[in-house]
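Please look over the sequence and the model that follow before reading on. The paragraphs after them move from single residues to the chain as a whole.

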Amino acid sequence: MSFLNPLFLMALVAVGLPLLIHLLNLRRPQKVAFSTLAFFRDLKNTTIRRIRIKRYLLLLLRLLAIACLAMVLARPFLPPGLTGGGNSQAPALNAVLLDNSVSMSRIGTQGPLFEYAKEIAGRINEAAKDEDRYMLQLTNGEADYGNIMNWANMKKALEEAEVKSAGNFMENRLTGLLETIKEAPYANKSIYILTDAQHSQLAQAGSELDMEGVNLTVIDVGSAEVQNTSITSVSTSTNMIGVDIPFTLNVEIANQSEVAAVNQFVSLEFEGQAAGQYSVSLEPGERRTYAFEVTPSQVGSARAVVSIEGDGFQPDNQYFVSLQVPETRNVLWVSEQENRSGFISYTGAVLQAAGENDAQLDYDQTNIENFDVADLSAYDVVLLDGVKEIPEYIFSPLQEFVQTGGGVMFFPAEDGNLRNYNDFLGQFNAGRYVGLQGEYGSFNSVATADELLEDHPAFAGLFEREGEQQLRFTNPEIYYYYRLNTSSNGTGFSLLNMNNGDPLVYEKQVGQGTLVLSAAGNDPGWSNFPVKALYAPFYYRILLYSASSDQGGFADFTLGQPFAWTGNVDPESVVLQVDDDTIKPGTAVVSSGVRVSYPAEEWTPGWIKIQDDDGQVITLAANLSQEESVFTKAEQEEAENLLSNESLVWVDTADMNEEQLQNEIVASGFGREIWSWFMLAGLLFLITETLVSIGYRAETVE
């Protein structure tokens, strides 16, 4: 056992104070003869003996408590040979996980945080033995270093390391280091995390780490107060984007620091042209949204860049945006093979009119018997219209189709299989049909549709009103419908409600796509809705909205995770174009198209192009995680919870001189502090002393 602060062992001198006081009180009293005290001679072998035992016991407990306090101040620690089962003189393997995220580019009291972290890595070497070996890994960007090396090579690797505006892979890097050093033939093993203790960084480190036999040390290299304004989100007023259709890009800006943001500007460049600029003034912690109106001029990927000027922290002052502007949205209309009721569905009329008027929708028709899941990748929305029973083999493909950005609209059949319908809805956690109301084809109204969700994006700009004028429309009468109990899980909306509270049309958001359920079918046997003025624009807008989830919106990728994209490309010739690099990704054919994947560790913010030999070119925007802009620090207890490791050693370099830092490194990496053991022992001695003082009654005689 050794000590971090051996000077405090001088406090052990204080142990002699109670002993000195005790000795001063041992002066023998003078004997005085008194005839009536004969009775007290019996006390010599009873009470007085017990009093002496009590005094000696209390004296011992107090001496031990003071000794424990002195040991706590001296901070004792055990070398690795006693904590990890190895030999303290044996060579050690020291793995360093160096935080090179953009927050480490800040300048603290010791200079740039990243350079100070490198200096601390050198101090680890000063505390090591010549035969010790090292590993170096970086948290952000590509994993360049994974070999066991001597200090000369380690020093060279440290010199080459730099802060990188790339994705954070801290969990993978820490897990990889842990697996490597556990397999390495070294008796003493340590992992050092050199970081600015950014909460979001440590939160990604992983909570299921088996650190048995490995010392884990987190060294906080310091902090720096810097004013930082960042772009927290970019959204659109509608996802139904088309050529020459104006819409609004809403940019949210947040002041992430404790310093007010003044004299700053936020600007937007859309398709290479300036789209506007705003002056920014934000109080600490304040957020504000700025609206930019833009109009796509051509189909394909419309690119935009949001920029902040005048901010004190530069690495997160640009945000890339890619919006997909489709030429048309493709609809697959699936119905029964033949019409059994005698009524004609109005779905075809709506689709035909939409295609003739604005060419934004193009459709193909098939029946349920000829439905081929392989065709799903060619469509944006699947319209199940009056299908009596949905084959179970298409449940999973449709679920994946919606989760990856497609849309599904469902209109029931008058004699549909209710159990089959509910099994299908269960795939999306969208609720269930619980019964029937009314009589099909009776023309007797059982309810009216009277409440429209006007604020829904599908209806933006559809209605014109003055001021607070109430929305009025001719209420459709419902003759026959399926009662739908919606699910409370996830995000869902009743787009059109009936006067009895039942939903007529309900939307459920699933993954990146949309499921739209109707309680009634699309022919006159259900309602008189098809002959109302609201019918055509209502269902056209809902259909366009459902078909826009994938291609009519953002195409982006957050750095720090493997790249994955699914779409309709040639799996043999598809490549990724990132800056000047052409990359051949992994591909897999799935029901919703071709899944393209790549590790993406080396990528930085910018553009990603997906292209193939058929002329397909899709541009995606790549950005850092928004958490990289939040510099909130984690404290020791919080880090222990995030890493699920209560035995980690936490070293806070703030207000430390060189000698103190060196002592901390020696103790943290080459031993385990055990002062808490002595603190606990001291408390137990004091509690025991109190109990003896109260409960030990030596004055009692028999």
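In which helix is Gly426 found? Gly426 is found in helix α10, which covers residues 418–426, where helices (H or I, at least four residues) and strands (E, at least two) are DSSP runs, numbered from the N terminus. The structure is a predicted model, in which local features need pLDDT of at least 70 and side-chain atom pairs count only at pLDDT 80 or more, whereas totals for chains, interfaces and linings use all residues. Residues are numbered from 1 along each chain as its sequence is written, and side-chain values use heavy atoms, with hydrogens and water left out.

Gly426 has a relative accessible area of 49% and is partly exposed; here buried means under 20% relative accessible area, exposed means over 50%, and partly exposed lies in between (1.4 Å probe, protein chains only). Between the C-alpha atoms of Gly426 and Phe395 the separation is 9.7 Å, and the two residues are 31 residues apart along the chain.

The loop between α10 and β20 (431–438) holds Asn429, a residue that is not a glycine and yet has a positive phi of about 55°. Most residues other than glycine have a negative phi, and most peptide bonds are trans. With a relative accessible area of 37%, Asn429 is partly exposed. Asp244, likewise not a glycine, has a positive phi of about 65°, and this residue lies in the loop between β9 (229–236) and β10 (247–255). Asp244 counts as exposed, at 58% relative accessibility.

For the chain as a whole, the count is 14 helices and 36 strands. The protein chain has 702 residues, of which buried residues make up 48%. Its accessible surface is about 34100 Å², and 48% of that surface belongs to carbon and sulfur atoms; accessible areas come from the Shrake-Rupley method with a 1.4 Å probe, and for residues only the protein chains shown count as cover. When contacts (heavy atoms within 4.5 Å) are taken between residues at least 6 apart in sequence, 76% of them join residues at least 24 apart.

Ile608 is found in strand β33 (residues 606–611) and is buried, with a relative accessible area of 1%. Its neighbours within four places in sequence aside, Ile608 is in contact with Phe557, Phe563, Gln577, Val578, Trp603, Ile618, Thr619, Leu620 and Ala622. For one of these, Gln577, the C-alpha atom is separated from that of Ile608 by 5.9 Å, although the two residues are 31 residues apart along the chain.

Charged side chains come next. A search of the whole structure finds 12 salt bridges, a salt bridge being a side-chain nitrogen of Lys or Arg within 4 Å of a carboxyl oxygen of Asp or Glu. In one of them, the side chains of Arg123 and Glu119 meet at 3.6 Å, N to O; both residues lie in helix α4 (residues 113–126), four residues apart, about one turn of the helix. Glu119 is partly exposed, with a relative accessible area of 39%, whereas Arg123 is buried, with a relative accessible area of 10%. The side chain of Arg123 also meets that of Glu658 in a salt bridge (3.7 Å, N to O). Glu658 lies in helix α13 (residues 658–669) and Arg123 in helix α4, so the pair ties together parts that are 535 residues apart in sequence. Glu658 counts as exposed, at 57% relative accessibility.

A further salt bridge joins Arg288 and Glu286, with the closest N and O atoms 2.7 Å apart. Arg288 is partly exposed at 33% relative accessibility, and Glu286 is partly exposed with a relative accessible area of 24%. Through shared partners, salt bridges join Glu119, Arg123 and Glu658 into one network.

Two surface patches complete the tour. Patches are made of residues with over 30% relative accessible area and no salt bridge, like charges being joined within 9 Å and nonpolar side chains (Val, Leu, Ile, Met, Phe, Trp, Tyr) within 5 Å. Trp675, Met679, Leu680, Leu683, Leu684, Leu686, Ile687 and Leu691 make a nonpolar surface patch of about 770 Å². Among them, Leu684 lies in helix α14 (residues 675–695) and is partly exposed, with a relative accessible area of 48%.

A patch of negative charge on the surface gathers Glu635, Glu637, Glu638, Asp652 and Asp655. In this scheme Lys and Arg count as positive and Asp and Glu as negative, while His and the chain ends are not counted, and the place of a charge is taken as NZ of Lys, CZ of Arg, CG of Asp or CD of Glu. Asp652 lies in strand β35 (residues 649–652) and counts as partly exposed, at 34% relative accessibility.
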